[in-house]
Amino acid sequence: MEFKFLMPTEIHFGIDAVLKNRELFRTLGKKALVVTGRSSAKKNGSFDDVSRALTETGVEYVLFDEVEENPSLETVEKGSDLGKRSNVDFVIGIGGGSPMDAAKAMAVFIKNPHINQDNIFSAGKLESLPVVAVPTTAGTGSEVTPYSIVTSNREKTKKNLGQIIFPRYAFVDCKYTYSLPYDITVNTAIDAFSHLVEGYLNANSSFMSDIYAEKGFELFRYCFEKLVNRDLDSEFREKVMLASVLGGVQIAQNGTSLPHGMGYMLTYFKGLPHGLANGVLTIEYLKTFRDRTKLNRMLGFLGLGSIDELEAILNKLIDVKIDITDDEINEFSMSFAGNKDKLKNHPEKVEFDDIVRIYRNSLVKQ
Ligand code: NAP
Ligand code: FE
């Protein structure tokens, strides 16, 4: 057997993880750039906890609270300008995947002042300032992945920054997710689920990464039932957060594949939230598998007998109605067919017609 397994992020999971570990902030420097979305971090208690932890340990901070969903490189530049002017030593991302990913990208831009949106994708490997991640959705798993997904308005798509930015610390406290409305809870949970699926049915999967995925599927067996019943208690919040961390650890090793790569176009051009974009493509993607041995094992961990049973659950949770033309399907398919990074993660050969079929059967209702 052979595998490589890398998880340099120190994960602190549990209620009050930020305050209980406040001393760790001081190990990263004297001044931090705190990066959040526009409002949720101030409402769900995460910003207050971080601000208190910093104040009590004598770490100064400046706040950048303008990160939008699917953060643009323009926003990354704006936040890093603040970080550079303020001479910060490290960056703290608080929020869903958008602020955490933006914080990671800013940590690269601040450390390398010559980097901007014109040269980042051709820059080669760069160092970054240390990053601390505090997730408030469950989720992207970004707190434990090396990825930073940004929106390039010049290339008209979302893409990985291409740098390896594992947060130094992840403080994971599911109490911040208690305030998540039902629809965002569903969308973000489906993102976590799609990480587990795409990482498991993946050309790079290994004995080690499968351990994380299989535990994650067992958690989802419980979480799907709670989501369908709209019974979002604290036990559910903890378990779905755990599943999200497991999914993150796993995609940090293996990467994602078709639904993620194909979904980016649906988010950029059709405005679908990230988790929904993956979720709407998942069933047709699963149906393309010619060898279903591992897929059937996955269904077993989920307590399901068939893809149809999984489809019935997803249909109860998501209802995507978008208008899409044949030309658009063709354009999106051509664009994805050029995404070698995602295609090489898929364990079977994918033809152009498979890609078209996944988009069409998922999005054009018969
Ligand atoms: P998000 O875009 O970060 O946030 C979605 C919405 O949820 C925002 O309106 C946000 O409000 C709100 N929100 C966040 N936490 C909340 C809370 N606790 N209570 C109430 N509202 C809350 O959503 P996300 O799905 O977590 O992140 C998606 C992004 O992550 C995408 O760009 C995706 O590509 C990326 N992603 C990254 C990775 C990775 O490994 N790096 C993996 C998967 C996905 P505010 O704006 O006010 O905060
Ligand atoms: Fe994702």
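Modeller: Strands here are DSSP runs of E, at least two residues, and helices are runs of H or I, at least four, numbered from the N terminus. Thr-36 is found in strand β2, residues 31-37. This is a predicted model, where local features need pLDDT of at least 70, side-chain atom pairs count only at pLDDT 80 or more, and totals for chains, interfaces and linings use all residues. Residues are numbered from 1 along each chain, chains are lettered from A and ligands numbered from 1 in the order written, and side-chain values use heavy atoms, without hydrogens and water.

Biologist: Why does Thr-36 count as buried?

Modeller: Buried means under 20% relative accessible area, exposed over 50%, partly exposed in between (1.4 Å probe, protein chains only). Thr-36 has 1%, so Thr-36 is buried.

Biologist: What makes Arg-52 and Glu-56 a salt bridge?

Modeller: The term needs a side-chain nitrogen of Lys or Arg within 4 Å of a carboxyl oxygen of Asp or Glu. Here the closest N and O atoms are 2.9 Å apart.

Biologist: Why are Arg-52 and Glu-56 separated by about one helical turn?

Modeller: Because they are four residues apart in helix α4, residues 46-56.

Biologist: Is Asp-354 buried or exposed?

Modeller: Asp-354 is buried, because its relative accessible area is 11%. Its side chain meets that of Arg-357 in a salt bridge, 3.3 Å from N to O. Arg-357 is partly exposed, at 41%.

Biologist: How do you know that Glu-235 and Lys-239 form a salt bridge?

Modeller: Their closest N and O atoms are 3.0 Å apart. Both residues lie in helix α9, residues 234-254.
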